[in-house]
Amino acid sequence: LKKRPPDYQARKGRKDDKGLRGKDGLMPPEKLPYLVELSPDGSDSRDKPKLYRLQHSITEVGSDCTEDGAIQLLGPGILPHHCNLMHSEGMVTVTPHGPDADTFVDGQRITETTVLRSGSTLQFGSAHVFKFVDPMFDQGGKRDPNAAMRSRHKSG
């Protein structure tokens, strides 16, 4: 972690980021789970991978998905309305829109709603591979219960 310089000014958020930092209980964007695009073979070799943050709602994935927050993918095996990603109550699930929607979690084809775990690979069609990352899990919340205590009590 780096300390911010004394003259640091936060960037202004986009319209859909409004209210994420308020007292309404919503998480700041950097704490939201996200998908990071991988190479078709599943490696991290892309220079600037695309990152898709998953808001507390349903995110539609498909070739015809152009609404705000939807993930539009084009390519072989991608249906107009391919699947839904649902982020609710600290959990993210993926639900294919039918038996023809080629959707894979950790290399296994799925045909019904499946819970994603941080680090899982997710594939849509034959060419779009993503890694699912949940920052709340990766920060040690479920692995190291003392991590929160260490961050609260700093020695002088």
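Begin by selecting Thr-93, which stands opposite Val-115 in E9. Strands (E, at least two residues) and helices (H or I, at least four) are DSSP runs, numbered from the N terminus. The structure on display is a predicted model, in which local features need pLDDT of at least 70 and side-chain atom pairs count only at pLDDT 80 or more, while totals for chains, interfaces and linings use all residues. Residues are numbered from 1 along each chain as its sequence is written, and side-chain values use heavy atoms, with hydrogens and water left out.

**The sheet**

Next, display E6 together with E9. These strands pair in the antiparallel sense over two bridges; two strands count as paired if DSSP finds at least two bridges between them. In general, strands of a sheet pair through backbone hydrogen bonds, either parallel or antiparallel.

**The nonpolar core**

Now select Leu-35, Leu-73, Leu-85, Val-94, Leu-116, Leu-122 and Phe-124. These residues have the most contacts inside the largest nonpolar core, which has 18 residues. Such a core is a set of buried Ala, Val, Leu, Ile, Met, Phe, Trp, Tyr and Cys residues joined through side-chain atoms within 4.5 Å. Buried means under 20% relative accessible area, exposed means over 50%, and partly exposed lies in between (1.4 Å probe, protein chains only). Strands E5 (83-88), E6 (91-96), E10 (121-124) and E11 (128-133) each give two or more residues to this core. In soluble globular proteins, nonpolar side chains tend to be buried together.

Centre the view on Leu-116. Which residues does Leu-116 touch, not counting residues up to four places away in sequence? They are Leu-85, Val-92, Val-94, Val-105, Leu-122 and Phe-132, where contact means heavy atoms within 4.5 Å.

**Ser-57 and its contacts**

Move to Ser-57, in the loop between strand E2 (51-53) and strand E3 (58-62). With a relative accessibility of 32%, Ser-57 is partly exposed. Leaving aside neighbours within four places in sequence, Ser-57 is in contact with Leu-85, Met-86 and His-87. A C-alpha to C-alpha distance drawn from Ser-57 to Asn-84 is 10.0 Å, for a pair 27 residues apart in sequence.

**Two loop residues with positive phi**

Select Glu-89, in the loop between E5 and E6. Although Glu-89 is not a glycine, it has a positive phi of about 55°. Glu-89 is exposed, at a relative accessible area of 79%.

Then select Asp-106, in the loop between strand E7 (103-105) and strand E8 (108-109). Asp-106 is likewise not a glycine and has a positive phi of about 50°. Its relative accessible area of 38% makes Asp-106 partly exposed.

**The salt bridges**

How many salt bridges does a search of the whole structure find? The search finds two, a salt bridge being a side-chain nitrogen of Lys or Arg within 4 Å of a carboxyl oxygen of Asp or Glu.

Asp-106 lies in the loop between E7 and E8 and Arg-117 in the loop between strand E9 (114-115) and E10, so the pair ties together parts that are 11 residues apart in sequence. Arg-117 is exposed, at 58% relative accessibility.

Finally, select Arg-109 and Asp-102. In this salt bridge the closest N and O atoms are 2.7 Å apart. Arg-109 is partly exposed at 41% relative accessibility, and Asp-102 is partly exposed at 23%.
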